[in-house]
Amino acid sequence: AKKILLWFLTLIFIAAASVFAWVWFTDSDKRDPFTVIPDDAIFIIETNEMTKGWNTLNQSRIWNHLLYNEYFDDINKSALTLDSIINGNKVLDMLMSDRKLLVSAHLIEKNDYDFLFVVDLKQASKISFIIDYIKEITGVFGYAFAKKDFQKNDVIVLTDNKTKEELYISFVDNILICSYSEHILQNSILCSINNYWHDNKSFLLVKNEMNSRQLFNFYFNYDKLNDYINCFVQKEDEMLKVLGNTLAYSALNFYFEEERLSLIGYTNLKDTVQSYLHALLNVEPGTIRAYEILSSQTALYLSMSFDDFLDFRDNLESEFAAEDTVNHINYAKNVAKIERLLKINVEEDFFNWIGSEIVFSKMRPAANSREEDMVVAIHARDTLLAKKGLNNIITQIKRRTPVKFEAVDYK
């Protein structure tokens with residue numbers, strides 16, 4: 001009897017192992033995670049190794065510094081709770097570790113946004129007991145389990161017994177999607193029949209330039225820039241409005257270096273826009289230098305760099321003339337009028353000595369700071385030529401206008 005029972009158990013084990021191996025190792029539907037990201041995404045964060053990505057972020061000095069802010073501290077606590085649940089459960093650890101993760105932000109109200117979390121489960125999506133398994137373990141962690149249907153997709157609703165906050169989870173082929181916003185999750189399911197991001201040539205132009213070996217990638221959709229900023233400020237900013245109307249997408253790699261976080265990548269422009277950015281695209285880049293002499297209290301450093309400033313100036317005037325012919329003509333007349341009045345030559349006294357960089361920077365605000373207080377730094381390719389040209393402009397202004405100058409020595 002014992003031998004029969006032993007053989008019976010052995011056969012069950014072999015059968016179960018065979019089924020599990022088939023489920024785990026055979027090919028399943030290979031849906032790309034981007035296909036479930038709705039087209040109204042403000043930004044998307046991507047990592048190909050979810051576990052390693054979280055560990056790298058959690059151990060960085062920058063992240064630990066951000067935890068002094070209540071908002072980031074709340075995110076950290078939620079992430080640590082999820083991390084402890086996964087690490088404390090072998091099945092969840094097997095299903096979730098080192099998977100591809102996308103996190104996208106979407107507006108849910110005029111001044112509020114929430115996130116969609118997308119995980120590529122690969123072959124693990126075939127394991128039919130995932131939903132039942134989630135149901136079994138939720139009670140242990142203080143959640144109530146419910147299930148509803150949306151567009152023939154099962155949607156799991158997990159409700160926190162204490163806060164009554166609801167988390168919505170669903171599966172689309174090999175993709176796990178979840179959000180604290182039911183609206184965002186439903187949009188994700190609806191958009192899964194489309195290939196918006198795969199068919200978006202403008203987005204692919206920057207995405208395909210990315211270094212796929214980096215741990216984190218960041219994508220920003222400038223169509224949503226103004227709406228996103230309105231979540232934080234009441235007054236509409238004209239410069240941000242121009243950027244939103246000019247830029248298309250950014251694709252950036254994250255680099256963690258001790259106490260510095262760098263984002264390096266590409267940004268493209270909308271085809272229909274005429275702007276100074278187009279003028280910059282048609283000149284060779286130059287060397288940036290102003291950061292070497294600006295204060296460590298610099299809050300903003302906006303640099304335009306070019307190998308030849310005069311090339312940039314010519315391109316800029318061409319863009320200006322094409323975009324606004326009337327104002328370009330008026331600009332040329334005003335320059336000529338100023339040159340006659342002051343007896344100066346703008347080309348020789350100013351433009352000819354400008355080198356490879358023009359920087360607009362904003363210092364850390366002091367108690368008496370004004371909104372318009374800026375530092376402008378202009379690189380001179382020839383210091384003597386710059387001093388000669390500027391001295392001539394100052395001298396002529398003193399002679400022909402009531403404008404006064406004050407020069408002070410500082411350190």
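Colleague: What makes strand β2 (residues 100-109) and β3 a pair in this model?
Modeller: In this predicted model, β2 and β3 are joined by nine bridges in the antiparallel sense; pairing requires at least two bridges, so the two strands count as paired.

Colleague: Why are β4 (143-150) and β10 (260-269) said to stand at the edges of their sheet?
Modeller: The sheet is an open one of ten strands in the order β4-β5-β6-β7-β3-β2-β1-β8-β9-β10, with antiparallel pairing. β4 and β10 each have a single partner strand, so one side of each is left without a neighbour in the sheet. Neighbouring strands of this sheet are turned against each other by 20° on average, direction ignored. Elsewhere, helix α11 (residues 238-246) lies across β9 (247-257) and β10, running at about 105° to β9.

Colleague: What makes β6 largely enclosed by the rest of the structure?
Modeller: A residue is called buried when its relative accessible area is under 20%, and six of the seven residues of β6 are buried, so the strand is largely enclosed. As for its partners, β5 and β6 pair in the antiparallel sense over five bridges, with L158 standing opposite L167 in β6. Five bridges likewise join β6 to β7, which run antiparallel, and here S170 stands opposite I177 in β7.

Colleague: What makes the contact of K100 with E46 a salt bridge?
Modeller: The closest N and O atoms of K100 and E46 are 3.0 Å apart, and the criterion asks for a distance within 4 Å, so the pair qualifies as a salt bridge. The pair links distant parts of the chain, with K100 in strand β2 and E46 in strand β1 (residues 43-47), 54 residues apart.

Colleague: Why do K100 and E46 count as buried?
Modeller: The limit is under 20% relative accessible area; K100 has 18% relative accessibility and therefore counts as buried, and E46, with 5%, is therefore buried too.

Colleague: Why are E182 and K148 called partly exposed?
Modeller: Partly exposed is the range between the limit for buried, under 20%, and that for exposed, over 50%. E182 has 26% relative accessibility, so it counts as partly exposed, and K148, with a relative accessible area of 38%, is therefore partly exposed as well. E182 forms a salt bridge with K148, the closest N and O atoms being 3.1 Å apart. This pair links helix α7, which holds E182, to strand β4, which holds K148, across 34 residues.

Colleague: Why does D114 have no salt bridge?
Modeller: The nearest side chain of opposite charge, K148, is 15 Å away, whereas a salt bridge requires the atoms to lie within 4 Å, so D114, although buried, has none. D114 is found in strand β3 (residues 112-120). Leaving aside residues up to four places away in sequence, D114 touches S104, A105, H106, I108, Y180, S181 and I184.

Colleague: Which residues are linked with R313 in a network of salt bridges?
Modeller: The network links R313, D314 and E347. Within this group, D314 forms a salt bridge with R313, the closest N and O atoms being 3.0 Å apart. R313 has 12% relative accessibility and so counts as buried, whereas D314, with a relative accessible area of 39%, is partly exposed. A search of the whole structure finds seven salt bridges.

Colleague: What makes β11 and strand β12 (residues 354-363) a pair?
Modeller: Seven bridges join β11 to β12, which run antiparallel; at least two are needed, so the two strands count as paired. In β12, the bridge partner of M304 is I358.

Technical notes. Residues are numbered from 1 along each chain as its sequence is written. This is a predicted model: local features need pLDDT of at least 70, side-chain atom pairs count only at pLDDT 80 or more; totals for chains, interfaces and linings use all residues. Side-chain values use heavy atoms; hydrogens and water are left out. Helices (H or I, at least four residues) and strands (E, at least two) are DSSP runs, numbered from the N terminus. Buried means under 20% relative accessible area, exposed over 50%, partly exposed in between (1.4 Å probe, protein chains only). Lys and Arg count as positive and Asp and Glu as negative; His and the chain ends are not counted. Contact means heavy atoms within 4.5 Å. Axes are lines fitted to C-alpha atoms, for helices over the stretch in contact, and angles run from 0 to 180 degrees between N-to-C directions.
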